[in-house]
Amino acid sequence: MRRGCFVKNLAFVGAVISVCCLLVIMVSVLQLPEVSLRNKVTGPNRTIRIRKVSKDEEIGRFGEMMLEMLPEDLAFTVFVPSEKAFQRDLRLRLHDSLVAEKRNDTYAVISRILGFSAVPQTLSSTTVSSSKEVFYDSLSGFTLYISKDLDGMLVVNRIRSEKVDLRRGQIVVHIMDGVIMDAEFEQAVQPDYTEED
């Protein structure tokens with residue numbers, strides 16, 4: 001008699017646990033974000049939303065590649081180099097650097113630049129005081145020294161911004177007139193000047 005009661009209690013506990021697990025799974029499935037298949041460039045579950053600006057005019061293709069690497073639903077601030085800065089400082093050109101043979105190298109360079117120039121929090125130009133310099137660690141641990149010009153533009157590690165406070169979801173984007181990188185990486189991407197006889 002006692003053994004039968006134990007088996008019934010064990011069966012009841014097993015049934016309760018099974019029902020609870022099913023409820024947790026059903027609630028989890030119902031709370032998943034909606035999947036968007038409209039934008040294949042950014043992936044199946046991300047859609048880029050732009051406020052006030054066209055993506056090609058303001059951020060450029062290399063900047064878009066940087067932003068595609070970040071989740072839109074988390075707060076980040078990214079100091080994106082302008083297209084001119086990508087070309088001048090990194091020798092990345094739209095028609096040359098995105099061909100199939102060079103695409104992986106370009107992606108590697110851009111992901112490294114993202115590590116130097118992204119901060120895992122929202123930082124708009126209005127939160128930076130014009131009277132003092134603030135500093136934040138980037139995703140790669142590189143220290144960013146941020147101040148504001150008299151005209152309201154941000155200066156990060158002596159690189160001045162061209163445009164500030166563009167938004168992509170939770171991401172704040174500042175377009176910079178240069179590339180933020182550490183000295184080691186800067187030496188790695190500089191051209192080799194060798195004299196040929």
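Student: Where is the place of isoleucine 159?

Tutor: In this predicted model, isoleucine 159 sits in strand E6, which covers residues 159–168.

Student: Is isoleucine 159 buried or exposed, and what makes it so?

Tutor: The relative accessible area of isoleucine 159 is 14%. Buried means under 20%, so isoleucine 159 is called buried.

Student: Which residues does isoleucine 159 touch, not counting residues up to four places away in sequence?

Tutor: Isoleucine 159 touches Leu154, Met176, Asp177, Gly178, Val179 and Ile180.

Student: How many aromatic pairs does a search of the whole structure find?

Tutor: The search finds 3 aromatic pairs. One of them joins phenylalanine 116 and phenylalanine 142, whose ring centres are 5.5 Å apart.

Student: Why is the pair of phenylalanine 116 and phenylalanine 142 called edge-to-face?

Tutor: Ring centres must lie within 6.5 Å to pair, and planes over 60 degrees apart count as edge-to-face. Here the centres are 5.5 Å apart and the planes stand at 70°, so the pair is edge-to-face.

Student: What parts does this pair tie together?

Tutor: Phenylalanine 116 lies in helix H6 (residues 103–117), and phenylalanine 142 in the loop between strands E3 (134–137) and E4 (143–148), so the pair ties together parts 26 residues apart in sequence.

Student: Why is the pair of phenylalanine 135 and tyrosine 145 called tilted?

Tutor: The planes of these two rings are at 45°. Stacked needs under 30 degrees and edge-to-face over 60, and the rest are tilted, so this pair is tilted. Phenylalanine 135 belongs to strand E3 and tyrosine 145 to strand E4, 10 residues apart.

Student: How do you know that phenylalanine 135 is exposed?

Tutor: Exposed means over 50% relative accessible area. Phenylalanine 135 has 59%, so it is exposed.

Student: Why are H3 and H6 called roughly perpendicular?

Tutor: The axes of helix H3 (residues 60–68) and H6 come within 9 Å and cross at roughly 70°. Angles of 65 to 115 degrees count as roughly perpendicular, and the two helices are therefore described that way.

Student: Which residues of H3 meet H6?

Tutor: Arg61, Phe62, Met65 and Met66 in H3 do, and their partners in H6 include Tyr107, Ile110 and Leu114. By class, the contact has 7 nonpolar, 2 polar and 2 charged residues.

Student: What makes H3 largely enclosed by the rest of the structure?

Tutor: Of the 9 residues of H3, 8 are buried, so the helix is largely enclosed. Among them are Phe62, Met65 and Leu67.

Terms used. Residues are numbered from 1 along each chain as its sequence is written. This is a predicted model: local features need pLDDT of at least 70, side-chain atom pairs count only at pLDDT 80 or more; totals for chains, interfaces and linings use all residues. Side-chain values use heavy atoms; hydrogens and water are left out. Rings of Phe, Tyr and Trp (its six-membered ring) pair if their centres lie within 6.5 Å; planes under 30 degrees apart count as stacked, over 60 as edge-to-face and the rest as tilted. Helices (H or I, at least four residues) and strands (E, at least two) are DSSP runs, numbered from the N terminus. Buried means under 20% relative accessible area, exposed over 50%, partly exposed in between (1.4 Å probe, protein chains only). Axes are lines fitted to C-alpha atoms, for helices over the stretch in contact, and angles run from 0 to 180 degrees between N-to-C directions. Angles under 35 degrees count as roughly parallel, over 145 as roughly antiparallel, 65 to 115 as roughly perpendicular and the rest as oblique. Contact means heavy atoms within 4.5 Å. Ala, Val, Leu, Ile, Met, Phe, Trp, Tyr, Cys and Pro count as nonpolar, Asp, Glu, Lys and Arg as charged, and the others, Gly among them, as polar.
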